[in-house]
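Have the sequence and the 3D view side by side. The walk goes from secondary structure to helix packing, then to loops, strands and cores.

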Amino acid sequence: MKLLPNIFRTNKKDTGNVRRKKKVKPVKRSMTWFKPLQVVLVASAVVAMFGFSAVKLNQEMTVTHWQIDSPEHIKEPIALYFKHKEKLDFWHTRAAVIQRDLRAQIPDIQRIEVSRILPDGLLIKATARQPIALWENVVAKAGKVVMLVDEQAVAYRPILRGEQLDLPLFRLDGNDLKIATAVLHHLRVNMPQRAQALSEVIVERQDWRLNFARGEQWQLNQASLQDDLPKVLSILSQPRWARGHWRMDARIPERWFIRPAKQEVI
């Protein structure tokens, strides 16, 4: 008897009913937390390094000597500033700090430059203000204080007790300081002798009164002051008037009055 072929026999392995196992991939642990920490550590190290360097530099560049190049009357207070300064390390002797302190403590300083002489010295160059007038504020409520006025019309400090200065006195409101200074500059340029003889500039409302030596006086109106002052100088420079001392009233545009000083109208 012939055996029938086994139709179910196969040379291949029947894997249809075998469950395949999935390959398990190894899980990599995330290291993202380490990067911020690394940045923080590096930043801390850099800050610490710079901080240490700054402290060391601050100590090593402590000022031990200084040279002052300035007029005598401001040289002494500058030297006293350094003598009494508690901290002379680099941070407290920076140019900006010294300039700020000296300007606040010594108002007579007009301009100041500070440079470092390595490793531990300073060079201070200062120029002084030049006072050209005294100012008494006529509307001051806390008493009348006489101030020094410089060429830029800045009232920079009170006059000191016993300080003798041969300067004209401005009796006016602070708003008129620039005008009075401009008048004085104009006199200095165009009539120096009159500028030296000027003793007072008094402003009352719109009236300007310039008092000179030997009783000479000019009265001007503020509204036309800029135009009238050159005209007054032109008149008094003429031969007829140049050698005398006069009282001039130019407050009325249509009619000016010229009188000899301490005499009646002519």
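Helices (H or I, at least four residues) and strands (E, at least two) are DSSP runs, numbered from the N terminus. This is a predicted model, in which local features need pLDDT of at least 70 and side-chain atom pairs count only at pLDDT 80 or more, while totals for chains, interfaces and linings use all residues. Residues are numbered from 1 along each chain as its sequence is written, and side-chain values use heavy atoms, with hydrogens and water left out.

Start with the whole protein. Its secondary structure comes to 7 helices and 12 strands. Of its 266 residues, 32% are buried (buried means under 20% relative accessible area, exposed over 50%, partly exposed in between; 1.4 Å probe, protein chains only). The protein exposes about 19600 Å², and carbon and sulfur atoms supply 55% of that area (Shrake-Rupley method, 1.4 Å probe; for residues, only the protein chains shown count as cover). Take the contacts with a separation of 6 or more: residues 24 or more positions apart account for 46% of them (contact means heavy atoms within 4.5 Å).

Now find helix α3, residues 95-105. Its buried residues are V97, I98, D101 and L102. Seen down the axis of α3, they fall within an arc of 115 degrees, so they line one face of the helix (the arc is that of the directions from the helix axis to the C-beta atoms). An α-helix has 3.6 residues a turn, so residues three or four places apart point the same way. What do the buried residues of α3 pack against? They meet α2 (72-84), β2 (109-117) and β3 (121-128). On the other side of α3, A96, R100 and A104 are exposed.

Move on to the loop between α3 and β2, where D108 sits. D108 counts as buried because its relative accessibility is 11%. Leaving aside neighbours within four places in sequence, D108 contacts I74, T127, A128, R129, Y156 and R157.

Other loops carry backbone features. P119 is found in the loop between β2 and β3. A cis peptide bond joins L118 and P119, with omega about 0 degrees. A153 lies between β5 (146-149) and β6 (155-158). A153 is not a glycine, yet it has a positive phi of about 65 degrees. At 15% relative accessibility, A153 counts as buried. R205 is in the loop between β8 (198-204) and β9 (207-212). R205, also not a glycine, has a positive phi of about 60 degrees. Is R205 buried or exposed? It counts as exposed, at 81% relative accessibility.

Strands β10 (residues 217-221) and β11 (residues 246-249) run parallel, joined by 3 bridges (two strands pair if DSSP finds at least two bridges between them). Here Q219 stands opposite D249 in β11. Strand β12 (residues 257-260) runs antiparallel to β11, with 4 bridges joining the two. The bridge partner of W246 in β12 is P260.

The largest nonpolar core has 32 residues; F170, L172, L187, W208, L210 and W218 touch the most other members. A nonpolar core is a set of buried Ala, Val, Leu, Ile, Met, Phe, Trp, Tyr and Cys residues joined through side-chain atoms within 4.5 Å. Beyond its neighbours within four places in sequence, W218 contacts residues including L187, W208, L210, W246 and M248. A second, separate core of 17 residues includes I74, L88, I109 and I112.
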